[in-house]
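Hi,

Here is the structure I said I'd pass on.

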Amino acid sequence: MISVIIPAYNAQATIAQTVESVRQQTYGDLEIIIINDGSSDRTAEIVNEIPDSRIKLFNYPNGGVATARNRGIARAQGEYIAFLDADDFWTTDKLKLQLQALIKNPAAGVAYSWTYFWYAADVCYPSEPVYHQDYVYPQLLTKNFIHHGSNPLIRHKAIASTGEFDPRFPHCADWDYYLRLAAKYNFVVVPKHQIYYRQSATSMTSKIADIERQLCQMLDQTYQTVPPELRHLQKQSKSWIWQYCSQQYLEYGKDKKTVIKAASYLWRSIKYDPRSLLQTYTYKLTAWTIKKQLKLLIN
């Protein structure tokens, strides 16, 4: 019934926990497709040692996460498809509740849940609950409230009509794909935190400029096909990108330089779309920036 696709690149530290979270699902009619994306560590060896006939391992040269997901789609036989990155994991009822939501809502093509952000030292924060359902395209244009690639359960027929993940956007291929789905299909929410999304500080601040570039390119491409009545949302979309970049610098930056960059991105966001001052998120980022600046001054 369900194909779970796990792209894995040098994932020896986390792949066992990730796969185990699928094996422990309370809904068991599934296949576990693992795309070994050119790993040079023990990823494939660890997977081969797991005693579960539902696991199917395929080895490819490295092509990136979008290409790995596409390779998994090509091999998927289930009526529904879920993606799970090799360092994330699920609660045991994730697939069951999402499947139930789609069965109860036959007009929906995608079911999503809420996320736990999992940091180093076992620090975990739940995402802010959102309840967007049915036609979510406007809300998804202004913010990726699904957050990442390990969240939704998607009808296979919806994927077949939407096409492949775009490898040109490795940092935002999931958001791009969800937008293409939302343009054609309804979404349904499972109001429960079910995905543990692992956050890593490794070289994050060095990637932010590239992330910003890809996000802006992806949205510019998307807005070429957005219905005229929604094009006014473009400023809000771009503003959110810069707030996201500010958040990343605040989360992972440890020095004065990164805090200054966080402040500059936040100001850019507000200047570009002053309506962002009406959002609670903007005030949280502002308070966080001031707190970081004061802490650096004191130290």
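Below is what I found on helix packing. Bear in mind that this is a predicted model.

Let's start with H11, which spans residues 280-298 and packs against H9, residues 234-252. The angle there is about 30°, and the axes lie 11 Å apart. Under 35 degrees counts as roughly parallel, so that is the label for H9 and H11. H9 goes past H11 in a left-handed crossing. On the H9 side the contact uses Trp240, Gln243, Tyr244, Gln247, Leu250 and Glu251, and H11 brings Tyr281, Thr282, Leu285, Trp288, Thr289 and Lys292. Sorted by class, that is six nonpolar, four polar and two charged residues.

H11 also meets H10 (residues 256-272): their axes come within 10 Å and cross at roughly 155°. With over 145 as the cut-off, this pair is therefore roughly antiparallel. The crossing of H10 past H11 is left-handed. H10 contributes Lys256, Val259, Ala263, Leu266 and Ile270, while the H11 residues are Thr282, Leu285, Thr286, Thr289, Lys292, Gln293 and Leu296. The class count for H10 with H11 reads six nonpolar, four polar and two charged.

Now for H1, residues 15-23. Which of its residues are buried? They are Ile15, Thr18, Val19, Ser21 and Val22. Those residues sit on the same side of H1, because the arc they cover around the axis is only 155°. Their cover includes strands E1 (2-8), E2 (30-37), E3 (55-60) and E5 (89-90), along with helix H2 (43-48).

Cheers

Technical notes:
Residues are numbered from 1 along each chain as its sequence is written. This is a predicted model: local features need pLDDT of at least 70, side-chain atom pairs count only at pLDDT 80 or more; totals for chains, interfaces and linings use all residues. Side-chain values use heavy atoms; hydrogens and water are left out. Axes are lines fitted to C-alpha atoms, for helices over the stretch in contact, and angles run from 0 to 180 degrees between N-to-C directions. Helices (H or I, at least four residues) and strands (E, at least two) are DSSP runs, numbered from the N terminus. Angles under 35 degrees count as roughly parallel, over 145 as roughly antiparallel, 65 to 115 as roughly perpendicular and the rest as oblique. A crossing is left-handed if the near helix is turned anticlockwise from the far one by less than a right angle, and right-handed if clockwise. Contact means heavy atoms within 4.5 Å. Ala, Val, Leu, Ile, Met, Phe, Trp, Tyr, Cys and Pro count as nonpolar, Asp, Glu, Lys and Arg as charged, and the others, Gly among them, as polar. Buried means under 20% relative accessible area, exposed over 50%, partly exposed in between (1.4 Å probe, protein chains only). The arc is that of the directions from the helix axis to the C-beta atoms.
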